[in-house]
Amino acid sequence: MSKFSLKINGKTQEVDVDENTPMLWVLRDHLKLVGTKYGCGIAQCGACTVHLGDNAVRSCQIPVSSVGDQEITTIEGLSENGDHPVQQAWLEIDVPQCGYCQAGQIMSASALLKRNPVPSDTEIEAAMNGNICRCGTYTRIKKAIKTAASATENA
């Protein structure tokens, strides 16, 4: 076991875990941040997406020892009140069906809009590629991303 000091959602947290423990399990099992979901465990479905710095990453394949000083943002830390433009657009467009993949979808979408505030359809599809939704809400996801981009642009 090794001690790690991690900055998660703006707070520094200490964990004592094996250095190869995936961030997903540190978040869920050790810190009880269960908004980040376990999907496939091989970084193929996107359910476990969090931000590492400004990048959307699959937390199931990121060993805690590789995080270093980078800040981690989970769905719980995206906004305090759930009023991030992407979260608001998700509600407005009524995107979720079963909801399981939605935290990962929202984290990927918010990372996209942070680096590209007005993405094209092609850019949205490229950025969201790898975030799988078993319910097939892709059309609503794209519409919500455009709604969030528009809201941010007009703010």
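Modeller: The model is predicted. In it, the centres of domain 1 and domain 2, taken over C-alpha atoms, are separated by 21 Å.

Colleague: What makes these two domains, and where do domain 1 and domain 2 run in the protein chain?

Modeller: Domain 1 covers 2–77 and domain 2 covers 85–154. The bounds come from an automatic or database domain assignment, so the division rests on that assignment.

Colleague: How do you know that domain 1 and domain 2 are in contact, and how many residues are involved?

Modeller: On the side of domain 1 there are 16 residues in contact with 14 residues of domain 2. Contact requires heavy atoms within 4.5 Å, so these residues are counted because they meet that cut-off. The area buried between the two domains is about 1200 Å², and carbon and sulfur atoms give 56% of that area.

Colleague: Which three residues supply more than any other three of the area that domain 1 buries against domain 2?

Modeller: They are His51, Asp54 and Ile75, with 37% of the area that domain 1 buries.

Colleague: Why is the pair Asp54 and Lys114 called a salt bridge?

Modeller: The closest N and O atoms of Asp54 and Lys114 are 2.9 Å apart. The criterion asks for a side-chain nitrogen of Lys or Arg within 4 Å of a carboxyl oxygen of Asp or Glu, so the pair qualifies. The structure holds 3 salt bridges. Asp54 lies in the loop between β3 and β4, Lys114 lies in helix α3 (residues 102–115), and the two are 60 residues apart. Between domain 1 and domain 2 the count is 1 salt bridge, alongside 8 residue pairs in polar contact.

Colleague: Which elements give two or more residues to the side of domain 1 that touches domain 2?

Modeller: Those elements are β3 (49–52) and β4 (55–58). Strand β3 gives the most, with 3 residues. By class, that side of domain 1 has 6 nonpolar, 7 polar and 3 charged residues.

Colleague: Why are β1 and β2 said to pair, and over how many bridges?

Modeller: Strand β1 (residues 2–8) and strand β2 (residues 11–17) share 7 bridges in the antiparallel sense. Pairing needs at least two bridges, so β1 and β2 count as paired. Lys7 stands opposite Thr12, and Ile8 has Lys11 as its bridge partner.

Technical notes: Residues numbered from 1 in each chain as written. Predicted model: local features only at pLDDT ≥ 70, side-chain atom pairs only at ≥ 80, totals over all residues. Heavy atoms only, no water. Buried area = accessible area lost by both parts, 1.4 Å probe. Polar contact = N/O pair within 3.5 Å; in protein donor to acceptor, adjacent residues only side chain to side chain. Helix = DSSP H or I, 4+ residues; strand = E, 2+ residues; numbered from the N terminus. Nonpolar A, V, L, I, M, F, W, Y, C, P; charged D, E, K, R; others polar.
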